[in-house]
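Please read the following note alongside the model. It is set out as numbered points for discussion.

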Amino acid sequence: MTDLFSTAATADRCAALLLQDRIRSGETITRAVLNAAMTEAYGGSDAQGRWTQRESFEILEHALALHLRTRPYELQAFADVVAPIRLMASLPTQTVRSEEQLEWQQFSTPADIAALAVLLANAQPGDVVLEPSAGNGLLVAQLRQDVTLQLNELDPARRARLAHSFPGAQISGHDGAAITSLMAASERPTLVLMNPPFSRSLGRGADDLAAVRHLQAALRRLRTGGRLVAIMPDWFGPSARLRDLYETTLRDVAVRTSLRLEKCYAKHGTSIAVRLYVIDKTPGTSVPSTIQRSSVAEFWTSSRSSTG
């Protein structure tokens, strides 16, 4: 008998490769283009029950990760962020969410925010890089390729895609809030990039402090002297409603950059504001002023104006 799981995985791979080719060519990926690739790969349409719209967005993210791993543009300075900004503009807005996506807070990192995070991370050859909630790999796909990747992801379908996109990575399926002990046998990272679930925890269900639990675990796991770049919920800040928690969590580290972005997740189907932090695991007392922008595009434009 045909293994249905194997057949689905093959269709996933086929659809991702079809979309990767279209992204590489510079084609605008409309919903029609996305649907056509899925229908070709699965041998039928969503109306026929062969796939769902939510699955199509997951496959699009997989294709995007594969594309970004080919290093399609330079990413060495803030001026280079214009390329992923344009790339995001060529993709459709994710308008459909599954119960599973909502349950596990699976909101992947848009490529332009990921590019900004990668630049701020400033990875060096030989770095050991951990992503504790790796999703489809979009946050780390633009990293230089002479680093060691540790990619942790609970969802098995996303883990399988990570293995395809990052064949040399160490891939695990632990609770990201418990990696301090669960990854004890692995080499400790020198760099962490993370976009944790904001309000759901394994075993806890709804959990307003989920992101902080993940951040605390990652900071414990990070080597002394290492760097962590985190995308956090808007309330996690020095002047927000849980200021004491913010100060306690970051008491023994140095916050180098604090950036607030208001509408940067629109393409991924949500209007939430987020904060992006660059944190070094070294003693520090000064807290930088928070830079506020509506989007990565506005941040890039203002940065160009201030240096020009």
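1. Basis. The model is predicted; local features need pLDDT of at least 70, side-chain atom pairs count only at pLDDT 80 or more, and totals for chains, interfaces and linings use all residues. Residues are numbered from 1 along each chain as its sequence is written, and side-chain values use heavy atoms, with hydrogens and water left out.

2. Overall figures. The protein has 11 helices and 10 strands, taken as DSSP runs (H or I of at least four residues for helices, E of at least two for strands) and numbered from the N terminus. Of its 308 residues, 52% are buried; buried means under 20% relative accessible area, exposed over 50%, and partly exposed in between, with a 1.4 Å probe and protein chains only. The accessible surface is about 13,700 Å², and carbon and sulfur atoms account for 51% of it; the areas come from the Shrake-Rupley method with a 1.4 Å probe, and for residues only the protein chains shown count as cover. Among contacts (heavy atoms within 4.5 Å) between residues at least 6 apart in sequence, 68% join residues at least 24 apart.

3. Helix α3 against α7. The axes of α3 and helix α7 (residues 156-165) come within 10 Å and cross at roughly 20°. Axes are lines fitted to C-alpha atoms, for helices over the stretch in contact, and angles run from 0 to 180 degrees between N-to-C directions. The two helices α3 and α7 are therefore roughly parallel, given that angles under 35 degrees count as roughly parallel, over 145 as roughly antiparallel, 65 to 115 as roughly perpendicular and the rest as oblique. On the α3 side the contact involves E58, I59, E61, H62, A65, L66 and R69, which meet R158, R161, H164 and S165 in α7. By class, this contact of α3 with α7 has three nonpolar, three polar and five charged residues; Ala, Val, Leu, Ile, Met, Phe, Trp, Tyr, Cys and Pro count as nonpolar, Asp, Glu, Lys and Arg as charged, and the others, Gly among them, as polar.

4. Residue E61. This residue is placed in helix α3 (residues 53-69) and counts as buried because its relative accessibility is 3%. Leaving out residues up to four places away in sequence, E61 touches R54, Q94, S108, N136, L138, R158 and H268.

5. Helix α2 against α3. Helix α2 (residues 31-42) packs on α3 at an angle of about 95°, with the axes 10 Å apart, so α2 is roughly perpendicular to α3. R31, L34, N35 and M38 of α2 make the contact with Q53, E55, S56, F57, I59 and L60 of α3. The residues of this contact divide into five nonpolar, three polar and two charged.

6. Residue L19. L19 lies in helix α1 (residues 4-24) and is buried, with a relative accessible area of 0%. Apart from neighbours within four places in sequence, L19 is in contact with I29, V33, L34, A37, I59, L60 and A63. L19 and H67 are 48 residues apart in sequence, and their C-alpha atoms are 9.2 Å apart.

7. Backbone points to inspect. Most residues other than glycine have a negative phi. R71, in the loop between α3 and α4 (82-89), has a positive phi near 55° and is partly exposed at 42% relative accessibility. N122, in the loop between α6 (111-121) and β1 (128-131), has a positive phi near 55° and is partly exposed at 48% relative accessibility.
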